[in-house]
Structure formats: structure tokens, C-alpha cells
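Hi,

Here is the model I promised to pass on. Have a look, and my notes follow below.

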Amino acid sequence: MPELDHEHWMRHAFMLADRAEQEFDEIPVGAVLVSADGQVLGEGWNRNLADHDPTAHAEIVAMRQAGQRLGNHRLVGTTLYVTLEPCAMCAMAMVHARVERVVFGATDPKTGACGSVFDLIADPRHNHRIEVQGGVLGEDASRRLTNYFRAKRGKPLLP
């Protein structure tokens with residue numbers, strides 16, 4: 001299995017996050033699900049507001065698209081790149097789908113479920129283990145989210 005270029009795919013996820021913000025005024029979180037051989041299986045960005053759907057997080061949207069493409073709810077051997085640490089809902093969906101690895105940018109100090117606030121993925125009671133790598137382009141990911149909320153509040157953006 002060739003090693004995936006984490007920074008390349010995180011930049012791809014940033015592009016998707018930009019779409020969430022610019023096209024839909026959603027919180028800018030993007031996710032891309034990649035096969036072991038580097039093919040995009042699914043892409044997503046937050047669509048909670050646009051779809052009136054509390055489950056339409058970027059990760060869920062990407063996994064749904066991949067499941068449709070593959071004709072299977074199991075996403076074995078895949079890597080999910082996401083700009084923000086997944087929440088509990090997304091983390092458990094990844095376990096159920098048998099995602100092999102999650103790579104995220106910014107940690108989520110409020111609802112992160114992949115090692116910061118919660119560590120649901122590492123719970124030994126699960127029958128599937130997911131490799132977790134956080135902090136890939138983390139400063140950039142964090143600044144993007146902070147600036148989104150600063151702009152909403154009329155505060156100056158961080159450089």
C-alpha cells in the first residue's frame with residue numbers, strides 16, 4: 001500500500017471547507033475519504049444548515065458519498081481526512097464503517113472525540129480499531145475556523 005500524502009489531502013479538505021463557508025455560509029469543515037491507492041471515494045463539507053440535517057457533518061457527507069459509490073456501508077482500507085477533529089457522532093460512524101485511519105487538522109476542544117475531549121475511537125470495547133493522526137496542518141486548520149467565527153462576530157481576523 002503506497003503511503004498517502006497527508007498534507008496534500010488535508011489541503012484538499014481545506015478546499016472543501018472553503019466551499020462550505022463561501023457557498024453555503026456553513027462552519028468551514030471539509031472532509032475527503034481516500035482509498036488505499038489514493039483515489040477519492042467521497043467528499044463532504046458541513047451541510048447542517050443547507051440540508052436542515054443535524055447529521056450532515058463533513059465526515060458523514062463524505063462517508064455517505066463513498067458508500068454510494070462503493071455500494072457498501074463498509075469503507076475498509078480508507079483514510080478520512082478532515083479539517084477538524086471528529087465529534088462523537090462522526091467517530092462512531094467511522095468505527096461502524098470500518099475506516100482504517102482518520103487524519104485531522106485542528107483539535108476540537110469542545111466536542112472532539114478522537115483524543116482531545118473524548119477518545120471514543122480508542123475505546124477497547126470496539127471490534128474495530130482506527131489509526132488516528134491529528135495536527136496535520138493543524139495551525140492553519142485552527143486559524144481558518146477561528147477566523148470564521150471572528151468574522152461572524154465582527155472581530156479582526158488573525159493573520
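The crossing of α3 and α4 is left-handed (the near helix is turned anticlockwise from the far one by less than a right angle; clockwise would be right-handed). This is a predicted model, where local features need pLDDT of at least 70, side-chain atom pairs count only at pLDDT 80 or more, and totals for chains, interfaces and linings use all residues. Residues are numbered from 1 along each chain as its sequence is written, and side-chain values use heavy atoms, leaving out hydrogens and water.

Back to the helices: the axes of α3 (residues 58-70) and α4 (residues 88-97) come within 9 Å and cross at roughly 25 degrees. That makes α3 roughly parallel to α4 (angles under 35 degrees count as such). On the α3 side, E59, I60 and M63 meet M89, C90, A93, M94 and A97 of α4, with contact meaning heavy atoms within 4.5 Å. Sorted by class, that contact has seven nonpolar, no polar and one charged residues.

Now the rings. There are three aromatic pairs (ring centres within 6.5 Å; planes under 30 degrees apart are stacked, over 60 edge-to-face, the rest tilted). One of them is F24 with W45, stacked at 6.1 Å centre to centre and 25 degrees between the planes. F24 sits in helix α1 (residues 6-24) and W45 in strand β2 (residues 40-45), 21 residues apart. W45 is buried at 12% relative accessible area, while F24 is partly exposed at 29% (buried is under 20%, exposed over 50%, partly exposed in between, with a 1.4 Å probe and protein chains only).

Cheers

Conventions: Axes are lines fitted to C-alpha atoms, for helices over the stretch in contact, and angles run from 0 to 180 degrees between N-to-C directions. Helices (H or I, at least four residues) and strands (E, at least two) are DSSP runs, numbered from the N terminus. Angles under 35 degrees count as roughly parallel, over 145 as roughly antiparallel, 65 to 115 as roughly perpendicular and the rest as oblique. Ala, Val, Leu, Ile, Met, Phe, Trp, Tyr, Cys and Pro count as nonpolar, Asp, Glu, Lys and Arg as charged, and the others, Gly among them, as polar. Rings of Phe, Tyr and Trp (its six-membered ring) pair if their centres lie within 6.5 Å; planes under 30 degrees apart count as stacked, over 60 as edge-to-face and the rest as tilted.
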